[in-house]
Amino acid sequence: MAMTGVLRPSHVALRVLDLEPAVKHYTDVLGLLETGRDKQGRVYLKAWDEHDHHSVVLREADAAGMDYMGWRVDSIQTMKDLSRKVEESGLATDCCWIPAGEHLETGERFRFTTTTGHTMELLAEKNKVGNCLPLVNPDPWPDGLKGMGPSRFDHCLLYGDDLDGVVKLFTEVLGFDITEQVVAEDNHDFRISVFLSCSTKPHDVAFIRQPMKGAFHHASFILDNWGEVLKAADIISKKKVSLDLGPTRHGITRGETIYFFDPSGNRNEVFAGGYIHYPDKPIITWTSDDLGRAIFYHDRKLNENFLGVFT
Ligand SMILES: [Fe+2]
C-alpha cells in the first residue's frame with residue numbers, strides 16, 4: 001500500500017436549522033443517499049461511489065455550521081500513533097476518544113480541536129455498505145441517482161485565526177502536503193490561505209486566515225466533468241436553490257465549480273477537474289494582489305458574498 005497514514009476525508013458533521021428540509025436538500029438537490037438515522041435524531045448520508053456507511057451527518061441545532069470533520073486513517077495502529085503525536089504536539093486541545101458506535105456503523109474516533117477552533121477526528125473503522133454497484137462486473141454508475149449525484153464528499157474550506165498553527169499540525173503531525181498557498185504580496189512568508197492534501201487530490205482541506213475561530217465556509221462534493229457542473233447549475237435554478245456563485249473555474253486547484261446554499265445557509269460546492277498531486281510536486285504560490293484570478297479565474301475579482309458569508 002503506497003498511500004498510508006491519513007487516507008481521505010471521511011465525514012463532515014453539519015448543523016442545520018430544520019432537519020427535514022435539510023435532508024430533502026442533501027438528497028433531492030445534491031443527490032446524496034440517506035443511510036441511517038440514530039437515537040439522537042442525526043441523519044447519515046453518503047455519495048453514491050463511497051463504500052463507507054456515511055460521509056455527511058446532519059444534526060438539527062439553533063445555528064448552522066460545522067460540528068466536526070472526520071479523517072479515515074489506514075489502520076487502528078495509525079490512529080493510535082497519530083493520536084499520541086497530536087496530543088504531544090501542543091497544536092491541539094480538547095483531545096478525547098469517542099467510543100465505537102457513537103456514529104452509526106463506525107469504530108472508535110480520536111477527536112481534537114485545532115488552533116483555528118475546528119474539531120477534527122481520526123478514525124480507522126467505518127463499515128462498508130457498498131457503492132450501489134456489484135464488485136464483480138460492475139456498470140459505471142448505478143440507476144436511480146437524484147439531483148447532482150456527486151460520487152464523493154471531497155473537501156472542506158474552513159476559516160480560522162491561527163493559520164500557521166493548523167498548517168503545522170496538518171503537515172508536521174498528520175503528514176499532509178501543502179499543494180497551494182496564497183501569500184501577502186509584500187511578504188511571501190505571510191500566508192493568507194493554505195490548501196492541504198493527504199492524497200493525490202489538489203486539496204482535501206483548505207484554511208483561510210480570518211479573525212475568528214471554528215468557522216465553516218463550504219463542504220464540497222466531486223462531479224465527473226464540466227458538463228455535470230453545468231447540469232448542477234440547471235438543478236439549482238430548476239429547484240430554486242439559493243445560488244452563491246458560478247459556474248466558473250478556480251485558478252487555485254484549477255477546479256470547475258459552482259457554489260450554493262442549503263436551506264440553513266451552509267454553503268455547498270460541487271466541482272470537477274483539478275490535477276493529480278504527488279508528494280514531490282512543488283508548492284504553487286499565489287500572491288494576494290492576484291487573489292481575484294486565484295479564486296475566480298474568469299471574473300478575476302473577488303465577490304464579497306463569497307468571502308464574507310460563512311456559518
Ligand atoms: Fe472548495
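What share of the contacts in the chain with a separation of 6 or more comes from residues 24 or more positions apart? Such residues account for 67% of those contacts, where contact means heavy atoms within 4.5 Å.

This is a predicted model, in which local features need pLDDT of at least 70, side-chain atom pairs count only at pLDDT 80 or more, and totals for chains, interfaces and linings use all residues. Residues are numbered from 1 along each chain as its sequence is written, and side-chain values use heavy atoms, with hydrogens and water left out.

**The whole chain**

Begin by displaying the whole chain. It has 6 helices and 17 strands; helices (H or I, at least four residues) and strands (E, at least two) are DSSP runs, numbered from the N terminus. The C-alpha atoms fill a box of roughly 50 × 45 × 45 Å, taken along the principal axes. For 311 residues, a compact globule would have a radius of gyration near 19 Å, and the 18 Å of the chain agrees with this. That radius is taken over C-alpha atoms, and the globule rule is 2.2 Å times the number of residues to the power 0.38. Of the 311 residues, 55% are buried. Buried means under 20% relative accessible area, exposed over 50%, and partly exposed in between (1.4 Å probe, protein chains only).

**The two annotated spans**

Next, select residues 8–125 and then 152–273, which an unreviewed UniProt entry lists as "domain: VOC". UniProt positions are given in the numbering used here, feature names are shortened, and annotations may be inferred rather than shown by experiment. Residues 8–125 are 21% helix and 42% strand, with end C-alpha atoms 13 Å apart. Residues 152–273 are 20% helix and 51% strand, and their end C-alpha atoms lie 13 Å apart.

**The iron site**

Now select the iron ion. His155 (NE2), His218 (NE2) and Glu269 (OE) coordinate the ion at 2.1 Å. Donors are N, O and S atoms within 2.8 Å of the metal (3.2 Å for Na, K and Ca); water is not among the atoms, so sites may look incomplete. Along the chain, the donors follow the spacing H-x62-H-x50-E. Because His155 lies in strand E9 (residues 152–160) and His218 in strand E13 (residues 215–222), the pair ties together parts that are 63 residues apart in sequence. Both His155 and His218 are buried.

**Two helices**

Move to helix H3 (residues 163–173), where the buried residues include Leu163, Val166 and Phe170. After H3 comes Gly175, with a positive phi near 85 degrees.

Then select Ser83 in helix H2 (residues 76–89). Is Ser83 buried or exposed? Ser83 counts as buried, because its relative accessibility is 5%. Leaving aside residues up to four places away in sequence, Ser83 touches Trp97, Phe110 and Leu122.

**Backbone details**

Most residues other than glycine have a negative phi, and most peptide bonds are trans.

- Cys132 lies in the loop between strand E8 (119–123) and E9. Its phi is positive, near 75 degrees, and Cys132 counts as partly exposed at 45% relative accessibility.
- Lys240 lies in the loop between helix H4 (226–238) and E14. The phi of Lys240 is positive, near 55 degrees, and at 75% relative accessibility Lys240 counts as exposed.
- Gly246 and Pro247 are joined by a cis peptide bond, with omega about 5 degrees. Pro247 is in strand E14 (residues 243–249).
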